[in-house]
Amino acid sequence: ASMFRDMLGQQKQNEDTPFIKELEAPFVPQYDFTATYSIIIEEMKKPLLIKVDQDELVIHYGEEEDIDVYAKLSSEVMQSIVDGRLTFQRAFMSGAMKIKGEFNVFRTLDQLFVFV
C-alpha cells in the first residue's frame, strides 16, 4: 500500500510542477550570461521562474523580483516547445507567446534549452 501511496504522491507532485524536468534535461550553460525569466502559463496558478547564472540553473514556480523577461503562453504551446515542435522565438513570432522585457535576453532561451 505504501508503494502505491508513494506513486500517487509522485504523480501529484509531477502534476503540480509541470515542465521543470523537461527544462532541466536539455539545459546548455551560457558563460558570461545571467538572466531571470518569468513564464506565465495560463493554466497555472503561479509563474514558472527560470534563473540562469552561467552554468547554474534554478527552476521553480513562484514570484520573484528583478525579472529580465516576462512571457505568457498556454500550456499547450509550452508543451510544443519542450517537445521540440516549436522554439521560443517561433512561438513569439507566431503570436502564440507574448513577451515583455529585454528581447536579446528572450532570444537566448532557445540557446539555453535545446529541445531535439
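Helix α3 spans residues 75-82, and its buried residues are Val77, Met78, Ser80, Ile81 and Val82. These assignments come from a predicted model. Elsewhere in this briefing, the salt bridges are considered; a search of the whole structure finds two.

- After α3 comes glycine 84, which has a positive phi near 85 degrees.

**Salt bridge between glutamate 64 and lysine 51**

- Glutamate 64 pairs with lysine 51 in a salt bridge, and their closest N and O atoms lie 2.8 Å apart.
- This pair joins distant parts of the chain, 13 residues apart: lysine 51 belongs to strand β2, whereas glutamate 64 sits in the loop between β3 (56-61) and β4.
- Glutamate 64 counts as partly exposed, because its relative accessibility is 29%.
- Lysine 51 is likewise classed as partly exposed, with a relative accessibility of 39%.

**Salt bridge between arginine 85 and aspartate 83**

- A second salt bridge brings together the side chains of arginine 85 and aspartate 83, at an N to O distance of 3.0 Å.
- Arginine 85 has a relative accessible area of 55% and is therefore exposed, the cut-off being over 50%.
- Aspartate 83, at 35% relative accessibility, is partly exposed.

Definitions and conventions: Residues are numbered from 1 along each chain as its sequence is written. This is a predicted model: local features need pLDDT of at least 70, side-chain atom pairs count only at pLDDT 80 or more; totals for chains, interfaces and linings use all residues. Side-chain values use heavy atoms; hydrogens and water are left out. Buried means under 20% relative accessible area, exposed over 50%, partly exposed in between (1.4 Å probe, protein chains only). Helices (H or I, at least four residues) and strands (E, at least two) are DSSP runs, numbered from the N terminus. A salt bridge is a side-chain nitrogen of Lys or Arg within 4 Å of a carboxyl oxygen of Asp or Glu.
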